Amino acid sequence: MKKRIILLAASLAIGMTAAAQSSGFKELDEWVDTWKQTQQHFFGYPVNEQSALHGFYEWYLASGMDMVNLNNAGDPMSGSPESYSTHYFEREVIEFFAPLYGFGKGEAWGIVTHSGTDGNNHGIYFGTKYLYNKTRKMPVVYVSDEAHYSNMRLCDLQNLDVRLVKSDDMGRMIPEELEKALDLSRPALVVYAMGSTFKGAIDDQAALNAVLDRHPDLEVYRHVDAALFGGYLPFTEHKAMVSQKEMRFNSIAISGHKFFGIDCPSGLFICTRETYDSQNSFNVAYLNGNMRMINCSRDAVQPLKFWWLIQTVGYDGWAKQAAQMMECTAYLKQQLDKIHYPCWVNAYSNTVFFKRPSADIVRKYNLAQGHDERFGGDLAHIVVMQHVTKDKIDAFISELKSSLKR
Ligand SMILES: Cc1ncc(COP(=O)(O)O)c(C=O)c1O
């Protein structure tokens, strides 16, 4: 049964090119058919529908690893990998990505997380402890009102005071509003959105850092929520925007199932060594280690998938994909402009938002919906991921045009 489900996942991983293989269960087979139809028009959400893990699943089954119970409980960076874990590969994944996010050699600590939200949870938790252990005061969290809701939810979970900072029309935190919101009597935990979920806005870290720099006595921790954009920006000419060295952030969270194309939720959390060293110690005798991360058991298969993709797609493959996504984003905007359809896109973003089309088009293309009176009310967006190619954009535009004539 387990093997059958993994085979099923493998055929999903190669998407439309896989020949349908019956599971022996009608409900599962019907679900596969429905999902394959849906996948063709999955435009509204930031997931890469061209996962390149078919070879991984073949190897996993052939090696018999599907019969082994693995668990990455513990610290992958401690240098003492347990045999039942994939810590060795997890560490290599962090060591591959840390320089791409501008961390110096030996200056980063990190883990493969369960999701972008898990990475934000670590960023907010580590930030709180970093600031509290320095000042003996609880911080105030500053985050833009356009940032992903997980940040607000996690502050609620961690019982933190939050100041929602106003964003401009395009969704970027307004530096003057951050200045106004600052409570100088308590340390500041600032969450930067790279980019925001609906409008794809990138907070201007340089301008916001300049505001913080005007208060040299204020202790500051910067966490970057780069769930989607942190995937492709390091492979573009705009890589400085997600560079620790350039932007001086303490930690960054990225999703694995978005740009990188891991086929289920996963992510990266990377912070400076100084941040890690300032965390509360939890020496756990039965695990023979210091457990500073939030979770005990952690997924051991996602690090293997990341590692596989580093070997098989790698820097050059991701750079090509990032370039294609940027080109197709510009193409979509251009095609919408050509038919005078109201649409907007932020700089460096792969998310085009526009006047919400008919309910039929929203349903068919799984468009995410938003509302903003400043842009005329009801909106929808397309996230131009690897599978949103020019021919699919042409088909979408043609349907949109026809719907306007009706
Ligand atoms: C900006 C941003 N942050 C965080 C998240 C949450 O990430 P995950 O779904 O990996 O938990 C999302 C999800 O879309 C997002 O867009």
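This is a predicted model: local features need pLDDT of at least 70, side-chain atom pairs count only at pLDDT 80 or more; totals for chains, interfaces and linings use all residues.
## Basis

Residue numbers start at 1 in each chain and follow the sequence as written. Local features need pLDDT of at least 70, side-chain atom pairs count only at pLDDT 80 or more, and totals for chains, interfaces and linings use all residues.

## Domains and their contact

The domain assignment gives domain 1 (2-58 + 317-405) and domain 2 (87-312). These bounds come from an automatic or database assignment. Taken over C-alpha atoms, the two centres are 27 Å apart. Domain 1 puts 26 residues into the contact, and domain 2 puts in 26 residues. Contact requires C-beta atoms, placed from the backbone, within 7 Å.

On the domain 1 side, helix H1 (2-13), helix H3 (54-62), H13 and strand S11 (351-355) each supply at least two residues. H13 gives the largest share, five residues. Helices (H or I, at least four residues) and strands (E, at least two) are DSSP runs numbered from the N terminus. By class, this side has 15 nonpolar, 10 polar and one charged residues. Ala, Val, Leu, Ile, Met, Phe, Trp, Tyr, Cys and Pro count as nonpolar; Asp, Glu, Lys and Arg count as charged; the others, Gly among them, are polar.

## Nonpolar core

The largest nonpolar core holds 99 residues. Such a core joins buried Ala, Val, Leu, Ile, Met, Phe, Trp, Tyr and Cys residues through C-beta atoms within 7 Å. Buried means 20 or more other C-beta atoms within 10 Å of the residue's own, all placed from the backbone. Met 194, Ala 226, Ile 252, Ile 270 and Val 384 touch the most other members.

Ile 252 touches Tyr 101, Val 224, Ala 226, Gly 230, Val 242 and Ile 270, leaving out residues up to four places away in sequence.

## Helix H5

Helix H5 covers residues 116-135. Of its 20 residues, 15 are buried, so H5 is largely enclosed by the rest of the structure. Just after H5, Arg 136 takes a positive phi of about 60°.

## Ala 322

Ala 322 sits in helix H13 (residues 314-338). Ala 322 is buried, with 22 other C-beta atoms within 10 Å. Beyond neighbours within four places in sequence, Ala 322 contacts Tyr 232, Phe 235 and Thr 236.

Methods. A residue is buried if 20 or more other C-beta atoms lie within 10 Å of its own, exposed if 12 or fewer, and partly exposed in between; C-beta atoms are placed from the backbone. Two residues are in contact if their C-beta atoms, placed from the backbone, lie within 7 Å. The expected span of a helix is 1.5 Å times one less than its number of residues.
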